[in-house]
Amino acid sequence: MKRSLIELAEDLRTAPDFDAFWNRVTNELRNFGVQSLLYGAYASRAEVDTKRLTRTMIFKSNHPKVFFDTFGLDSALDND
């Protein structure tokens, strides 16, 4: 049975680390038809203003390789 997104969010708060969070969210969101995710964070807006987003963001993704091949690994987030 599908959990609601609110139930999922509450469960994700209890993940002990990022790997556990990633596994939970990707597995659960498949039930909602989500096929791949890109999750990221950056230290400050100033970094984004002075550099390209792809170079400043720390991100994890399970997008197919063709996504990064199409846009280029160094600029995928800037050009998608």
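Leaving aside neighbours within four places in sequence, lysine 60 is in contact (heavy atoms within 4.5 Å) with Phe18, Asp19, Trp22, Leu37, Leu38 and Tyr39. In this predicted model, lysine 60 sits in strand E2, residues 58-61; helices (H or I, at least four residues) and strands (E, at least two) are DSSP runs, numbered from the N terminus. With a relative accessible area of 31%, lysine 60 is partly exposed, on a scale where buried means under 20%, exposed over 50% and partly exposed in between (1.4 Å probe, protein chains only). Glycine 40 and lysine 60 are 6.3 Å apart, C-alpha to C-alpha, and 20 residues apart in sequence. Glycine 40 belongs to strand E1, residues 38-41, and counts as partly exposed at 33% relative accessibility.

As for the overall layout, the chain has 6 helices and 2 strands, and reading along the sequence gives α-α-β-α-α-β-α-α. Of its 80 residues, 25% count as buried. Looking at contacts between residues at least 6 apart in sequence, 35% join residues at least 24 apart.

Residues are numbered from 1 along each chain as its sequence is written, and side-chain values use heavy atoms, with hydrogens and water left out. Because this is a predicted model, local features need pLDDT of at least 70 and side-chain atom pairs count only at pLDDT 80 or more, while totals for chains, interfaces and linings use all residues. The mean pLDDT (the predictor's confidence in each residue, from 0 to 100) is 78, and 74% of residues reach 70 or more. Confidence is highest in helix H2 (residues 18-30), at a mean of 88, and lowest in helix H6 (residues 76-79), at 63. Where pLDDT is low, the predicted coordinates should not be read in detail.

Apart from neighbours within four places in sequence, glutamate 28 is in contact with Arg3 and Leu8.

The structure holds 1 salt bridge (a side-chain nitrogen of Lys or Arg within 4 Å of a carboxyl oxygen of Asp or Glu). Arginine 24 pairs with aspartate 11, their closest N and O atoms 3.4 Å apart. This pair links distant parts of the chain, arginine 24 being in helix H2 and aspartate 11 in helix H1, 13 residues apart. Both ends are partly exposed: arginine 24 has 27% relative accessibility, and aspartate 11 has 22%.

A search of the whole structure turns up 1 cavity of 30 Å³ or more. A cavity here is a set of points, on a 1 Å grid over the protein atoms alone, where a 1.4 Å probe fits but cannot get out; lining residues have an atom within 4 Å of a point. Grid points are joined across faces, edges and corners, and the volume is the space filled by probe spheres set on the points. The largest cavity comes to about 40 Å³, and its lining consists of Thr26, Leu29, Arg30, Val34, Gln35, Ser36, Leu37 and Asn62.

Technical notes
1 Å grid on protein atoms, 1.4 Å probe; cavity = no way out; pocket = protein on both sides within 12 Å on 5 of 7 lines; lining within 4 Å.
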